[in-house]
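Student: I have a model open and want to learn how to read its features. Please take me through them one at a time.

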Amino acid sequence: MTTAVSYLRTSSKTNLDGDSAPRQRQAIEEYAQRNGIAVVKEFYDEAVKGADPVDARPGFQDLLDYLAGNGARVILVENVSRFSRDLIVQETGHKLLQNLGYELVPVDAPSHFTDDTPTAAMVRQILGAVAEFEKAQLVAKLRGARDRKSRQLGRRVEGNHGYRVSSPELIREAKRLARKSPKTGKSRSLRQIAAELAKMGHTTTNGQPFSASQVQRLIDSG
């Protein structure tokens, strides 16, 4: 049987006492029963706006941490607007989940994210163009900073290649901590890995533990 988690969201505190959550839960449960899916855990963001980035929502962060150490790979939502009301957030959030190997299913329109509609294609093209522009800007800024530093030192200063060069031990430890325990068969959550790395002295440049998404990138890095 396919296993899945459910995600519920209400946008304001006034909705918490209404029928929003029960309605969402019922729609997801009925879809799961019809399709032979076992919902193993529910995650709920209360009073979270639909335009908020998904990886900045407490409930959704807990969901990602749970999936990182669990066999479930499917996320069920009542409809697309429960995931996000903002089209850009929808596409970027769905892309994030795709990259992590998870499937997002709005139960009222299960093929929403798999249908290649003109609107979805346009948004992906816009996001791709924006990403390329931001990358080009960053490269130009870094090149300019290296050029200034080179002139100051009187020698050429080259950029590094991220943690693969500056801290290969960090990547090794992240990958080690992500492995399943040979005794229990369970994996640490991304937040647990971040906490363990922090204990070892591996933190961000401002001394904070890595976020779940940063830990995932460390694990996925070559």
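Student: In what order do the elements of the chain run from the N terminus on?

Tutor: This is a predicted model, so local features need pLDDT of at least 70, side-chain atom pairs count only at pLDDT 80 or more, and totals for chains, interfaces and linings use all residues. Residues are numbered from 1 along each chain as its sequence is written, and side-chain values use heavy atoms, with hydrogens and water left out. Helices (H or I, at least four residues) and strands (E, at least two) are DSSP runs, numbered from the N terminus. Here the order is β-α-β-α-β-α-α-β-α-α-α-α-α. That comes to 9 helices and 4 strands.

Student: What share of the 222 residues in the chain is buried?

Tutor: Buried means under 20% relative accessible area, exposed over 50%, and partly exposed in between (1.4 Å probe, protein chains only). In this chain, buried residues make up 35%. The chain exposes about 13300 Å², and carbon and sulfur atoms supply 50% of it. Those areas come from the Shrake-Rupley method with a 1.4 Å probe; for residues, only the protein chains shown count as cover.

Student: How many aromatic pairs does the structure hold?

Tutor: A pair of aromatic rings is described by the distance of the centres and the angle of the planes. Rings of Phe, Tyr and Trp (its six-membered ring) pair if their centres lie within 6.5 Å; planes under 30 degrees apart count as stacked, over 60 as edge-to-face and the rest as tilted. The structure holds 4 such pairs. Take Phe-60 and Phe-83: the centres are 5.9 Å apart and the planes stand at 55 degrees, so this pair is tilted. Phe-60 lies in helix α2 (residues 58-68) and Phe-83 in helix α3 (residues 80-83), so the pair ties together parts 23 residues apart in sequence. Both Phe-60 and Phe-83 are buried.

Student: Which class do the rings of Phe-83 and Phe-113 fall into?

Tutor: With centres 6.2 Å apart and planes at 85 degrees, Phe-83 and Phe-113 are edge-to-face. The pair links distant parts of the chain, 30 residues apart: Phe-83 sits in helix α3, Phe-113 in the loop between β4 (103-106) and α5 (118-153). Phe-83 has a relative accessible area of 0%. For Phe-113 the value is 11%, so Phe-113 is buried. Ring pairs link Tyr-7, Phe-60, Phe-83 and Phe-113 into a cluster.

Student: Now charges. How many salt bridges are there?

Tutor: Side chains of opposite charge can pair when their charged atoms come close. A salt bridge is a side-chain nitrogen of Lys or Arg within 4 Å of a carboxyl oxygen of Asp or Glu. The count comes to 6. One of them joins Arg-23 and Glu-78, with the closest N and O atoms 2.7 Å apart. Arg-23 lies in helix α1 (residues 20-34) and Glu-78 in the loop between β3 (74-77) and α3, so the bridge ties together parts 55 residues apart in sequence.

Student: Are Arg-23 and Glu-78 buried, exposed or partly exposed?

Tutor: Arg-23 is at 36% relative accessibility, so Arg-23 counts as partly exposed. Glu-78 is at 9%, so Glu-78 is buried.

Student: Where do Arg-191 and Asp-65 lie?

Tutor: Arg-191 is in helix α8 (residues 190-199) and Asp-65 in helix α2, 126 residues apart. Their side chains meet in a salt bridge (2.9 Å, N to O). Asp-62, Asp-65 and Arg-191 are linked in a network of salt bridges.
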